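Biologist: I am new to this structure. Please show me how to read its features, one at a time.

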Amino acid sequence: MAHNWKVYGLTRTTSTGVVSKVTYGCELDEGIHSARQVADLEISGSSEDEGFIAFDSLTEENILVWVFAAADKAAIEASLTAEIVEFKALAAGNDEAQGLPW
């Protein structure tokens, strides 16, 4: 199962370009079953910090490095995998269907 990490949005101070919040998520799609977890990461820093990257030069990969340093990546991925496994088990045990015969 391939977990897809995404950055959905950034909040920044426009005068300095310093990012203060990252909205990120992890998605897992398995055929008709999907699961997603979205969260916010509050961060602090200054444009004077060593390694500062100007807002216009940031990439999703840069941001995900910050996310992975703060979030429990393995636990989030395991939780999404467990959701998909549960969805599949429920679907396999379901003997009901909806629809019309025509």
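Modeller: Start with the side chains of K88 and E30, which meet in a salt bridge, 3.3 Å from N to O. The pair links distant parts of the chain: K88 is in helix 2, E30 in strand 2, 58 residues apart. One caution: this is a predicted model, where local features need pLDDT of at least 70, side-chain atom pairs count only at pLDDT 80 or more, and totals for chains, interfaces and linings use all residues. Residues are numbered from 1 along each chain as its sequence is written, and side-chain values use heavy atoms, with hydrogens and water left out.

Biologist: What counts as a salt bridge? And how many does the structure hold?

Modeller: The rule asks for a side-chain nitrogen of Lys or Arg within 4 Å of a carboxyl oxygen of Asp or Glu. The structure holds two. Besides K88 with E30, K6 forms one with E27, and their closest N and O atoms are 3.3 Å apart. Here K6 is in strand 1 and E27 in strand 2, 21 residues apart.

Biologist: Are these residues buried or exposed?

Modeller: Buried means under 20% relative accessible area, exposed means over 50%, and partly exposed is in between, with a 1.4 Å probe and protein chains only. E27 is buried at 14%. K6 is partly exposed at 29%. K88 is partly exposed at 35%, and E30 is partly exposed at 23%.

Biologist: How do I read the strands?

Modeller: Helices (H or I, at least four residues) and strands (E, at least two) are DSSP runs, numbered from the N terminus. Two strands pair if DSSP finds at least two bridges between them. Strand 1 (residues 3-12) pairs with strand 2 (residues 19-30) in the antiparallel sense, over nine bridges. In that pairing, N4 has E27 as its bridge partner. Strand 2 and strand 3 (residues 33-42) also run antiparallel, joined by 10 bridges. There, T23 is partnered by D40.

Biologist: What lies in the turns?

Modeller: Six residues separate strands 1 and 2 in their hairpin, and G17 in the turn has a positive phi of about 80°. Two residues separate strands 2 and 3 in theirs, where G31 has a positive phi of about 65°.

Biologist: How is a pair of aromatic rings described?

Modeller: By the distance of the centres and the angle of the planes. Rings of Phe, Tyr and Trp (its six-membered ring) pair if their centres lie within 6.5 Å; planes under 30 degrees apart are stacked, over 60 edge-to-face, and the rest tilted. The count here is two pairs. W5 and Y24 are stacked, 6.3 Å centre to centre, with 20° between the planes. W5 lies in strand 1 and Y24 in strand 2, so the pair ties together parts 19 residues apart in sequence. W5 is buried at 8%, and Y24 is buried at 9%. W5 and F68 are edge-to-face, at 5.1 Å and 85°. F68 is in helix 1 (residues 60-70), 63 residues from W5.

Biologist: Which charges sit over a ring?

Modeller: The test is NZ of Lys or CZ of Arg within 6 Å of the ring centre and within 35 degrees of the ring normal. K73 lies over the face of F68, 4.4 Å from the ring centre. R12 has its charged end over the ring of F55, 3.9 Å from the centre.
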